[in-house]
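Me: I'd like to learn how to read a few features of a fold, starting with sheets and moving on to rings. Can you walk me through a case?

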Amino acid sequence: MITRNDSVRKMPASAYTAKLAVLILIAGLLPVFSAQAQVTIFGLKSCGSGSPGFCGSGTIPDSLPPTNLFSFQDNGSGFVDHGAVTLSGSGIDADGLAFSQSQGLLAFELQKSGTATTGSTLISIDPNSALATGIGSFLSGRDIRGAVFDQSDSLWALDAANDELLNIDTATGAVLGSPVGLNIAANAFNLSDVSDIAVRLDGSFYVGNDSDIYTLDIGSGELTLANTDSVQGFSGMAFANDTPQDALLAFDVNGFEDIFRYDLDAGFSQSTLFLNIIPSYNSGRGDLAAFTPIPEPSTTVMLGFGLILIVTAGIRGGKRLRSTKSGMA
């Protein structure tokens, strides 16, 4: 005779399947949520006017060494000054900061004759030590003031000397293809050296130029005005792509050096993240950079949809099983 122990019950297959599906769903979504918890933004601040004795004597326009590397979290916490960027043991003037998970932190060293920029060289920067390494050839006559990696990991740069958009070979530092002239309403555009370029999660490009923010068509170089904040000088911009509204972070170098957040989906409403960063000297120029992720909404959606089907099938299967057992009783 077989004795059944009623105190030990097996979990129905339907319940097991449903619980397993929920656990898989949670495991699949955890990386997404953790990635959205915080995003590290990198930045540069170079020395400029109003800092006599620190980066030179007298009032100095434009930018000169030192250029400090800094970082912070997009939620307004964790600001870190990593110190002056150095190349071969010497401080340099650097701008055009860009960040890629595969290629790291890149920027451009600006060569000077007096206060005039005579050319730019692509460099890599160690985010911990701020030590720079040169990459490839010298771009004569180029004043690179903004740079960004797009969603294909291609590096784009803004040349303020020639008012052009450049595609840069990250292995050689050379210009790929033909430069694209910047224009607005079919007229040539005068790009300031207070400028930067950023890519939104949807793949659209934005350019900050003095107090204006534009959208950019990288194929034609056409700019379209999106917003003006007359009291700011947008020397650096980056998107914090972890937020639903793709918040735009901006580095202002007018007066004290401040970092603001702009909500593009709420009419460019502004909030403050940091005021008067690295106050030991007044900024010449600067930049911001963040990783531009490849959007994969379909992956998460299909994962959730598939697991919902599994759960539903398990529940229906369990109901049919119970119904069959009931009919056999």
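Me: In what order do the 6 strands of the open sheet come?

Reply: Keep in mind that this is a predicted model. As a general idea, strands of a sheet pair through backbone hydrogen bonds, either parallel or antiparallel. Here the order is β5-β4-β9-β8-β7-β6, and the pairing is mixed. The edges are β5 (90-91) and β6 (94-100), each of which pairs on one side only.

Me: In which sense do β4 and β9 pair, and over how many bridges?

Reply: Strand β4 (residues 86-87) runs parallel to β9, with 2 bridges between them.

Me: Let's zoom in on T133. Where is it found, and which residues does it contact beyond its neighbours within four places in sequence?

Reply: T133 belongs to strand β9, which covers residues 131-140. Beyond those neighbours, it touches L87, L122, I123 and S124. Take I123: it is 10 residues from T133 along the chain, yet their C-alpha atoms are 5.4 Å apart.

Me: Why does T133 count as partly exposed?

Reply: Its relative accessibility is 47%, so T133 falls in the partly exposed class, which spans the range between the 20% and 50% cut-offs.

Me: On to the rings. How many aromatic pairs does the structure hold?

Reply: There are 10 aromatic pairs. One of them is F70 with F79, a stacked pair with 5.4 Å centre to centre and 20° between the planes. F70 counts as buried because its relative accessibility is 0%, while F79, at 27%, is partly exposed.

Me: Why is the pair of F189 and Y214 edge-to-face?

Reply: Look at the angle between the planes: over 60 degrees counts as edge-to-face. The planes of F189 and Y214 are at 80°, with the ring centres 5.3 Å apart, so the pair gets that label. This pair links distant parts of the chain, 25 residues apart: F189 lies in the loop between β15 (187-188) and β16 (195-199), and Y214 in strand β18 (residues 212-216).

Me: Which residues form one aromatic cluster?

Reply: That would be F70, F72, F79, F251 and F274.

Me: And over which ring does the charged end of K45 sit?

Reply: Over the ring of Y281, with the charged end of K45 4.8 Å from the ring centre.

Definitions and conventions: Residues are numbered from 1 along each chain as its sequence is written. This is a predicted model: local features need pLDDT of at least 70, side-chain atom pairs count only at pLDDT 80 or more; totals for chains, interfaces and linings use all residues. Side-chain values use heavy atoms; hydrogens and water are left out. Helices (H or I, at least four residues) and strands (E, at least two) are DSSP runs, numbered from the N terminus. Buried means under 20% relative accessible area, exposed over 50%, partly exposed in between (1.4 Å probe, protein chains only). Contact means heavy atoms within 4.5 Å. Two strands pair if DSSP finds at least two bridges between them. Rings of Phe, Tyr and Trp (its six-membered ring) pair if their centres lie within 6.5 Å; planes under 30 degrees apart count as stacked, over 60 as edge-to-face and the rest as tilted. A charge sits over a ring if NZ of Lys or CZ of Arg is within 6 Å of the ring centre and within 35 degrees of the ring normal.
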